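I opened the coordinates today to follow a few contacts and pairings through the fold, and these are my notes in the order in which I looked things up.

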Amino acid sequence: MLRFDSRATFIDKPNDVLAIGELLIDMISEDYDDALNCDKYYRYFGGSTANLALNVKKLGLKSRVVSAVGKDSFGTFLLQQLEKEGIPTDDIQKSERSTSMVVITKSRQTPTPIFYRGADYQLHYTPELAEAVKQSKIVHFSCWPISRQPARSTIEKVIALAREEGTMIGFDPNYHPAIWNHDEDGRDYVRTMISQVDVIKPSLDDADRIFGEDTPENHLARFLDLGAKLVILTLGADGALVSNGTDEIHLESVATEVVDATGAGDAFWSGFYAGIAKGLSVLDAVKHGMKISAYKLKHVGPVQQFPDMLLI
């Protein structure tokens, strides 16, 4: 159990966070509206896990991204962005399929995305990936790679290896039915993942999609019943509910301005990992994640730099 006042201990390894999952293009509208009335969209570096890796590096940790992109100009753009940020691209696999893309209408609430999937789930388990897991203190993945094969099998092998290595595992259950194959209800599979990880951070929207609409308290209980060790249920403007099965606390939101909610969850994860890796207690790391997320809410697209006051 991760006690709120405990501090994580890590074996000394060369990399802090290994983010495995989607690296893709975000097309974000210029205006706030539904997709039918927006004519202009801008290209951004995107993908939940890739954004997390970038944020983590800007917060002073070492990070690597494991993903797959197409052999096309979008794929080249994404690799160039990683290189500009000083993140190794050796772990990015190349696919004959098109680089994946998400079209998003800018929103002050949880945005409604349109998914165009191609290369992102063509992710294979390789000796190089196994070595990357062994060299990392924290492994993080989202629903994207577990939604389709061969990436699903890759994640299953990564989890097994990470547990052997004593690596912390974080899971972002950003479930959305549209990223799954049409003939599979992915919610059952997502539930099987919950007991296999150390930290899970669903948003209220994620929980509603996985279990059906209900109160935050009932959702929290469901995650714990399924074996979650630490649940951080984020509630947007209403803050977050945190529980390790023994202790439970509600934290108020610290956000003061919402320009765009896209990527706020990734920013939270980044702040949490930065806190936990730099010796904060579990609860203080959660609070740090909330501060980083609040800062991200003031910006459209990736944050270029976090202010010194948010660095640990």
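Entry 1, a residue and its surroundings. I began with Val-282, and, leaving aside residues up to four places away in sequence, I found that Val-282 touches Leu-2, Arg-3, Phe-4, Ser-6, Leu-230, Phe-272 and Ile-276. I keep in mind throughout that this is a predicted model. I then looked up how far apart Val-282 and Phe-4 are in sequence and in space, and noted that 278 residues separate them along the chain, while their C-alpha atoms are 5.0 Å apart. Val-282 lies in helix H10, and because its relative accessibility is 2% I count Val-282 as buried, the cut-off for that word being under 20%.

From Val-282 I went on to the packing of H10 (residues 282-296) against helix H9 (residues 264-277), whose axes come within 7 Å of each other and cross at roughly 145 degrees. I recorded the crossing of H9 and H10 as right-handed. On the H9 side the residues that meet H10 include Ala-264, Phe-268, Gly-271, Phe-272 and Ile-276, and on the H10 side Val-282 is joined by others, including Ala-285, His-288, Met-290 and Lys-296. Sorted by class, the contact between H9 and H10 holds eleven nonpolar, five polar and one charged residues.

Which residues does Ser-243 touch, once residues up to four places away in sequence are set aside? I listed Phe-4, Leu-220, Leu-224, Lys-229, Leu-230, Val-231 and Glu-248 for Ser-243. Ser-243 sits in strand E12 (residues 240-243) and, at 3% relative accessibility, counts as buried. The side chain of Ser-243 reaches the backbone nitrogen of Gly-245 at 3.0 Å, and Gly-245 in turn takes a positive phi near 95 degrees in the hairpin of E12 and E13, where four residues lie between the strands. I noted that E12 pairs with strand E13 (residues 248-251) in the antiparallel sense over four bridges, with Val-242 standing opposite Ile-249 of E13.

I next checked strand E8 (residues 136-142), where seven of the seven residues are buried, so the strand is largely enclosed by the rest of the structure. Strand E1 (residues 15-20) pairs with E8 in the parallel sense over five bridges, and the bridge partner of Val-17 in E8 is Ile-138. E8 also pairs with strand E9 (residues 168-172), in the parallel sense and over five bridges, and here I found Phe-171 of E9 as the bridge partner of Phe-141.

In what order do the four strands of the open sheet run? I read the order as E3-E2-E6-E7, with mixed pairing. The edge strands, each of which pairs on one side only, are E3 (41-46) and E7 (113-116). Neighbouring strands of this sheet are turned by 25 degrees against each other on average, with direction ignored. Within the sheet, strand E2 (residues 24-32) pairs with E3 in the antiparallel sense over six bridges, and Leu-24 has Gly-46 of E3 as its bridge partner. Helix H1 (residues 48-58) packs on the sheet, touching E2 and E3, and its direction makes about 70 degrees with that of E3. Helix H2 (residues 73-84) packs on the sheet as well, touching E2, E3 and strand E6 (101-106), at about 55 degrees to the direction of E3.

I returned to H1, where ten of the eleven residues are buried, so H1 is largely enclosed by the rest of the structure; among the buried ones I noted Ser-48, Asn-51, Leu-52, Val-56 and Lys-58. Just after H1, Gly-60 takes a positive phi of about 100 degrees. In helix H7 (residues 204-211) I found Asp-206, Ala-207, Asp-208, Ile-210 and Phe-211 buried, and what covers these buried residues of H7 includes E9, helix H6 (187-193), helix H8 (216-225) and strand E11 (231-234). Just after H7, Gly-212 takes a positive phi of about 95 degrees.

Note on methods. Residues numbered from 1 in each chain as written. Predicted model: local features only at pLDDT ≥ 70, side-chain atom pairs only at ≥ 80, totals over all residues. Heavy atoms only, no water. Pairing = 2+ DSSP bridges. Helix = DSSP H or I, 4+ residues; strand = E, 2+ residues; numbered from the N terminus. Axes fitted to C-alpha atoms, helices over the stretch in contact; angles between N-to-C directions. Contact = heavy atoms within 4.5 Å. Left-handed = near helix turned anticlockwise from the far one by under 90°. Nonpolar A, V, L, I, M, F, W, Y, C, P; charged D, E, K, R; others polar. Buried < 20%, exposed > 50% of the residue type's maximum accessible area, 1.4 Å probe, protein only. Polar contact = N/O pair within 3.5 Å; in protein donor to acceptor, adjacent residues only side chain to side chain.
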